[in-house]
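The structure comes first, then the notes by topic.

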Amino acid sequence: QPANNSGATVTRVEDQVNLVVNKLSDPAQVYAGEVVTYTAVVTNAGPSLARDLIVQDSLPAGLSLVRVTASDGGVCTDGLCTFGDVAVGATRTLTVV
């Protein structure tokens with residue numbers, strides 16, 4: 001019998017995430033001087049945990065950013081929102097005015 005009959009191996013496992021983003025505007029048609037609100041809902045369709053989710057939304061030309069808010073403890077700065085980890089099946093919402 002050999003004195004050392006143990007071994008080690010390293011297996012790399014990579015997360016796979018499918019994020020689904022649905023974005024709506026209210027109102028659907030906007031005229032000069034009116035306020036439009038965009039709501040983006042991000043869903044983690046799996047199969048893995050979405051780690052350190054960051055969502056950035058850019059406004060169309062001619063629009064000015066008023067404010068950005070995020071659901072579930074998300075933090076937004078200048079249209080960039082961080083949400084942390086998002087479980088499979090969970091959603092996060094970004095509202096841009």
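**Loop serine, core and leading segment**

The side chain of Ser71 reaches the backbone nitrogen of Thr93 at a distance of 2.8 Å. This is a predicted model, and the points below are computed from it.

**Ser71 and its contacts**
- Ser71 sits in the loop that runs between strand S4 (68–70) and strand S5 (75–77).
- The side chain of Ser71 also makes a polar contact of 2.9 Å with the side chain of Asp72.
- Leaving aside residues up to four places away in sequence, Ser71 touches Phe83, Arg92 and Thr93.

**Phe83 and the nonpolar core**
- The largest nonpolar core has 14 residues, and those touching the most other members are Leu53, Val55, Phe83, Val86 and Leu94.
- Strand S2 (37–47), strand S3 (50–56), strand S6 (80–86) and strand S7 (91–96) are the elements that each give two or more residues to this core.
- Phe83 is in contact with Leu53 and Val55, and with Ala70, Ser71, Gly74, Arg92 and Thr93, again not counting residues up to four places away in sequence.

**Ser6**
- Ser6 belongs to the segment before strand S1 (17–26).
- Ser6 is classed as exposed because its relative accessible area is 61%, and the cut-off for exposed is over 50%.
- Ser6 and Asp52 are 46 residues apart along the chain, and their C-alpha atoms are separated by 37 Å.

Methods: Residues numbered from 1 in each chain as written. Predicted model: local features only at pLDDT ≥ 70, side-chain atom pairs only at ≥ 80, totals over all residues. Heavy atoms only, no water. Helix = DSSP H or I, 4+ residues; strand = E, 2+ residues; numbered from the N terminus. Polar contact = N/O pair within 3.5 Å; in protein donor to acceptor, adjacent residues only side chain to side chain. Contact = heavy atoms within 4.5 Å. Core = buried A, V, L, I, M, F, W, Y, C linked by side-chain atoms within 4.5 Å. Buried < 20%, exposed > 50% of the residue type's maximum accessible area, 1.4 Å probe, protein only.
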